[in-house]
Each structure stands twice: as structure tokens, then as C-alpha cells.
Amino acid sequence: MTAFIIRRVMQAVVVLLVMSLLVFGGVYLLGNPVDVLIAADADQLERQRAITALGLDRPLWEQYLVFVRDVLHGDLGKSFVYNIPALQLILQRMPATLELALTSMTIAVGLGIPLGLYAGYRPQSFLARTIMAGSILGFSLPTFWVGLMLIMVFAVELGWLPSTGRGATATVFGITSSLFTRDGLAHVLLPALNLALFNLALVIRLTRAGMQENMPMDYVKFARAKGLTMRRVILVHVFKNILIPLVTVIGLQLGAVFAFAVVTESIFAWPGMGKLIIDSINRLDRPVVVAYLLVTVTMFVLINLIVDILYSVLDPRVRLSDRS
Amino acid sequence: MYRLRLRALAVVFAATIMTTAAAAQELNVGLSGAVTSIDPHFHVLTPNNSVARHIFDRLLNTDEHQRLQPGLATEWKAIDETTWEFKLRKGVKFHDGSEFTAEDVVATLKRVPWVPNSPSSFTIYTKAVTGWDIVDPYTIRLKTAKPYPLLPNDLSAVNIISKKYEQAPTGDFNSGRAAIGTGPFKLVEFVPGDRISLVRNDAYWGPKPAWQRVTLKQISNNSARVAALLAGDVQIIEQVPSTDYAKLKTNPDVVISQIGGNRLIYLCMDSFRDQSPFVTDKSGAVLPNNPLKDARVRHALSKAINRPAIVERIMEGVAVPAGGLLPEGFFGASPKLKPDAFDPEGAKKLLTEAGYPNGFGLTIHGPNDRYLNDEKILQAIGPMFNRVGIDTKVVTQPWATFATQASAPTYAYSVMLVGWGADTGEVSSPLRSLIATPNKEAGTGGSNRGRYSNPKVDAVLQKALATVDDGQREKLLQEATEMAMADQAIIPLQYQINVWATRKGYVYAPRADEYTLAQSVKPAE
């Protein structure tokens, strides 16, 4: 197990290095951030001063080496736009995105698994067919449109929920989050719902497919013959087998939701990391873009590692061996 | 038979009605641009400047029409060619109780060039000051190297900080520790990308704002911002998208306020090079003699554009066709300059006179995410040029890419769509930056992407910049603009109209400089 983990960590470092090279070069090719940031009536001298101040007059390879050296000291660079360390900027926004991602995955999994289990248990029933038809809507409707519709219906027409922003926060056990206040929950509901739709559809369909695959199997018949209730058979035995592909996909999706909830965050003006990254790309704020992608890649690697370990826990037939 | 019980998930709708400011003196503002810092000297950026005006004051203020008004300075005059004297307001207190004196002005002037890592520094407004002289705590004299009549205009952009925080870094302002000003509101909290919370300064020297608590919320997405206004989550929004303008005008819960702004959208042409990369013959080969160097060709291009159609169809009425650099009413705007009438026959005639009876090939470039409807305007101009015989291709790019390619030192394009907001509210700003010959030492032509050069215009402009008498300077600026337009230095398209939408019960005095100020939002009578 330890050898496995060490090998994975080494692979992760290589991935990070290659990715940072690509992103660094890519953003450099897009343009000069000074042209985006500088005031229109600034003259040529002011432009030159800004270029020097941001370190953009040195050759690209030198800028990259300075960057790598700083990263090894724990400094991921300072944002051109905000003039605060890029990592600090990202970590400032992380709790908001974390709240959104966790809430939306909870909705997706909490609703999706029961609905999928029922749809798989009684596939011909009216309810099951409605659930499956509904799931098609879930992954085909564009997030952008659904978000605006949710705002129009629940915030503008009905006035039940707030239309924008993050709610008030409260600190419980040292963790500050808007999920601990009523106002915060009201604010997070619509964006989380918007973000959850796609994953909800995914979970429903995966669960149902898992059910349909496992129910005809011998061990189910054997368990029933042994006298176990259907409830126990499904919720304990079948469920564990369904969980394996489900956990893999949910892990990947959690990472995607966490890193790239840009559209939802833009529409709901949710102050998270997704909005930060798209704004930084538009403004060519290279330190933030690179730092953000470094953080995201690390997170994806970690999530994949956890999923693999969980895999071996769930299915004793799997041994964690290095197949690389 | 066993049935699987479905867990019915009851979604709890928190019946939290957003507290509107109906009874409470609370105001929520929907901003469109991102505020990157509370440090008023960090970045010359309209959202930052707008927020700074809540917390800080300047020696001179600008009113809705960008005319100078007394601020922290009650009187100002040039006592000789190179010295300006400012008499400061007495009895003004900073938010922490300390008195405002001339030393705070000096601390401000010293801090502006010192701020580290500024992507666009305020030194453009303070570098004319070469020295200062504190005559007494409420009188200060500022020296310039040569006669500089625009010093009061420039200083109206510089926010005054407390001398205690002269060396405070940007982070201290963002956290609130150093964000001590003399303005109508005090900073409570700055959450980057989310909101800015302010509370009224009851010891303010000027008119007391109507709001005890103000939250400036950042809602960049246009539709979401309009939805927030309709839902009542905010009481005023800025930058109303033109697509929602008509609907909001007829909505009984919404009040629209608008004013002609200082932003000009124009076409800039490469009149410098003998061969311009995107000016070709009909087969695509670059023409050996750049037709854009001929004023008749430039006039033809201007006549080919149907400005009223663009304003009506694309801007949905939220713009004004332009013939000069600033709309009438602004200092230095010439009443003689009217927008060119749509005249494709006249354009063809001019092209024939210039030696291009069959036109030529052209590619026009522009940004697609910087100005309101920039891409659509460019796409409308393409067919208009086609109609007079110029085979036109349209290329739009994100501003980040476009700006780098189009500006110095690359100058990659031939005809470009750009905008210009005159921050000083008068015509010397566009003349200096867009029309004057590019000159690094003199600091002129910084945004003259076509490298247009007319020594006669330069001479009149230089004379104007050194003329302290307002009346004479205005005449010279008008003369310089008229000369530049007679030579078609640029093709002005339209002036933007700045639009705000408020909920019924709130009134906003619209501003030409696009700032949204909570202190100017008042409850309706």
C-alpha cells in the first residue's frame, strides 16, 4: 500500500510540472496583462513602469524559473490584479466553493441514490419511468439556462429565495461557513440545485444500471432463499456492489464541480474559485491562473487516490498493486 | 410484499424574505465591475475609483457633468505660471477622529508613486507636481515644471488618505486598517469578488447620505444583475444591458435614469505605414500605397457608416451618434462638429477621386468583450463598407489578445474599433492620447494606435495645454478637434449613454463618469 501511494505521489509531481509549463506558456502567448489592466490615459512611460513592476520585461524562461524557485519556497506568486499572494486569494474563495460543491453533491447523491434504487427495483412502474425521463432533462438542459430560470421563478416571481450572492456566515467549532445560518442556507439552495442537476441525473442512471445488473445475480437469489428481507438484500448487499462504479464517478464529478463551477458561480454571483479563474483568464492574471491549476490538479490527484483506496476497501477482490 | 419506501425529501424553503430597505435605512447596490482593492492609489480602474469615492474625498470633486466642484479644497487658483495654490477646508475629520490638514495632502502625493506593484498607477495624475510648499495647515502650494492648467482636473482623481498611513501597503487598506478617509461612508468589510459593506459617517462635512448601511454587491452577469433588481435584492443597478432597457422602461416597479456619458466608440486607422498589413487589393495582396494615408479615403469610410441605424438597431437607442471627441456640454467640445450623414454615394465618389473606383480589400479588428455591443457594431460596419466597394472582413477577439496586438509596440492592425472614456471630463484627454503624435518623452499618443500624426494639430494642442485661462483654452481645444476631424484623424461612431435602473421609491442622479455612488441615491419624494 505504501509503495503504491509513494508511486502515485511521484506521478503527481510530474503531472504538476508538465501542467505548469503548459499553462505558463499558454497564458504568456495570449497577451500582455499590462494592456488589459492599464488605465486608458496612461502614457508610454507609465506602461513601461507597470511592465517592470510586474516582472514582465524578463525573458519567459527566466520568469518560469523564478516561478519554480518560488513554488519550492511555498510562494505561488502574487496576483497582478489584486497584489495579494495568489494562493491566499484562492484559499479566501475556497470555503464558498466548498460549500457549493458539497451541498450540490449532497443533493445529487442524497436524492439520486434512492430514486435510482427505486427505478432499478421496479423498472416498469410509472414512477420509475418518470424518474428516468426526468434524468434525461437533468443532463441535457444547459446549466446557464436552468440557473436563470430558477432565479426568475423562485426569486423574481415567487420571491421565496434570494436571487444572488452568498448569505451570512457563522463560526461553529472554528469553521466559518454560510451553511450554519438560515440566511446562508437560503442563498446556497438555488445555486446548489443548479449545479446538482447534471450529477443527479448521472447518479440516478448509474444506480439504476447497477440495480438492473445486480438483481438477477445468483447471490441475490441465494440471500432471499436464505430468508433475508428484500430490504436487507438491497440496502446491504446489492448496494455495496453498486457503490464501486458510483464512487469512482462521484469522486471525479466532485473534483469537476469543485474546480469548474464557473457558470453557476457567474450567474448567482457566488464568490467562489470558479469565478476567480475565469476572471483571471480574461484579465491575463497569470499567477492566479497557474496557482489555481496547480491547486486543482493536486486536488484531482488526491481525490483519485482516495477513490482507489476506497475501491479496495469496498471490493476485497481488488488488491492495490502497481500496474504502471 | 415488501415495498421499498421512498425517502421523500422535503425541500425546506426558507421563507426568508430579503430585508428590503423599505423601512430601514439600508441600501443594496448591484455593481457590474470587479473591485480589486480598497487602496485608492493601487489601480486606476473605474470600479475601484467608484468605491473609493464612498470612503475617501479628493481636493476637488466632479459633479454629474464632470465639472469641478470644491471638495477638500474650497478655493484654488494659479498664483503664477508654475504654482497653484489650494485653500483647504477647515474642520474636516478623518474616520478615526484626526484632523485633515495640508500634511495629509503631502502624504498622499508621496504615497501615490510609492505604491508597489501597481498595474496602472495614479502617477499619471500626480507627476505634474514637482514640489510643494505648506504655507499653513490649511493652505498648500503645488509647483509644476511648466504651466499646467489641468492640475485641478488631475487632482480630482486622487483620493486623500491620512498621513498616518502614508506607508501602508495595499493589504492594510483591503483589511480596513488603513482605509481611513474623510468620505461619507466608513468601510466595514471588503470581501473581494463578493461585496463591500459600508456604514454612514455621521461626522461627514458634506451632505449627510440617506443610508445608514450600504452593501455594494458585485454581480457581473448582466441577466443576474437585472434579476436581482426585479427580485428586490438590490435597489439600484448600473450598466443596464441594452437588451433589457426597453422592458425595464415599461416596468412599473423600475425607474430608469440616464445621461450622455463621456465614452466615445470610434474607428482608428493606420495612417502611418506605407503598407498596412490588412489593407489589400481585391485578391488579397497588400497594397503598395496605403489608401488610409489619404484623407479622402478616411472621409469616405466615415460617410459609409449609417450611425443612426447602429444606434437604433444595435444599441437599442442607448447611444448618440458622434461627430467629435466628446458630446456637447463637455469642456472643449465643439458645437460645429456634427456626425457624418450616411452617404454611400458620396463615399464612392470620394474613393473614385482618391483613385480607388473599385474599392479595395480591408480587415477590421475589434474586441468582443470590452465595450457594450462592440462585436455587433463591428459586424454591422462590415457590410456597410462592402456596399461602397470595400471587401471587408471582420475579426473580433477578447480584449486581452486584441489590446496586446493592436497597441504599441506591435501595431498589428489597420482599422480597429476602440473606445475612449475621458476621465478628466474634457477634450484634452482624447486629444492628447488618441490624436497627438506618439511621443514617449512628451507622454502623448499613448493610445494612438493608428499613429496618426498632424504637426498642426499637435502645435495647437500644446498651446492649449499651456493656456491657463479657461475661455482661451476651450477655444484652442475646439480648434484642435475641428482640425483633426477635418482631416478625419479617427472615425467617431457614437457616444455611450450611461444608464442606471432603480426600484420605485429610489432616485439616482446619473453621472457622465459612470460612477455609481451610494451617497447620490436618494429616497423618492
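Predicted model: local features only at pLDDT ≥ 70, side-chain atom pairs only at ≥ 80, totals over all residues.
Trainee: Why does B:Ile491 count as buried?

Mentor: B:Ile491 has 23 C-beta neighbours inside 10 Å. Residues are numbered from 1 along each chain as its sequence is written, and chains are lettered from A and ligands numbered from 1 in the order in which they are written.

Trainee: Where is B:Ile491 found, and which residues does B:Ile491 touch?

Mentor: B:Ile491 lies in strand 20 (residues 490-503) of chain B. Helices (H or I, at least four residues) and strands (E, at least two) are DSSP runs, numbered from the N terminus. Leaving out residues up to four places away in sequence, B:Ile491 touches B:Tyr266, B:Leu267, B:Leu301 and B:Ser302. Contact means C-beta atoms, placed from the backbone, within 7 Å.

Trainee: What makes helix 5 of chain A oblique to helix 12 of chain A?

Mentor: Helix 5 (residues 86-121) and helix 12 (residues 273-282) of chain A pack at about 135°, with axes 8 Å apart. Axes are lines fitted to C-alpha atoms, for helices over the stretch in contact, and angles run from 0 to 180 degrees between N-to-C directions. Under 35 degrees is roughly parallel, over 145 roughly antiparallel, 65 to 115 roughly perpendicular, and the rest oblique. The angle of about 135° therefore makes the pair oblique.

Trainee: Which residues make that contact?

Mentor: A:Leu89, A:Ile90, A:Arg93, A:Met94 and A:Thr97 come from helix 5 of chain A, and A:Met273, A:Gly274 and A:Leu276 from helix 12 of chain A. They divide into five nonpolar, two polar and one charged. Ala, Val, Leu, Ile, Met, Phe, Trp, Tyr, Cys and Pro count as nonpolar, Asp, Glu, Lys and Arg as charged, and the others, Gly among them, as polar.

Trainee: How do you know that strand 7 and strand 8 of chain B pair?

Mentor: Pairing needs at least two DSSP bridges between the strands. Strand 7 (residues 129-136) and strand 8 (residues 139-144) of chain B have six, and run antiparallel. B:Gly131 stands opposite B:Lys143 there.

Trainee: What span is expected for helix 2 of chain B?

Mentor: The expected span is 1.5 Å times one less than the number of residues. Helix 2 (residues 102-114) of chain B has 13 residues, so 18 Å is expected. Helix 2 of chain B reaches 19 Å, close to that value. Its buried residues are B:Ala102, B:Asp104, B:Val105, B:Thr108, B:Arg111 and B:Val112.

Trainee: How many residues does the contact take from chain B and from chain A?

Mentor: Chain B gives 59 residues and chain A gives 66. On the chain B side, helix 6 of chain B gives the most, with six residues. That side has 28 nonpolar, 25 polar and six charged residues.

Key: Contact = placed C-beta atoms within 7 Å. Buried ≥ 20, exposed ≤ 12 C-beta atoms within 10 Å, placed from the backbone.
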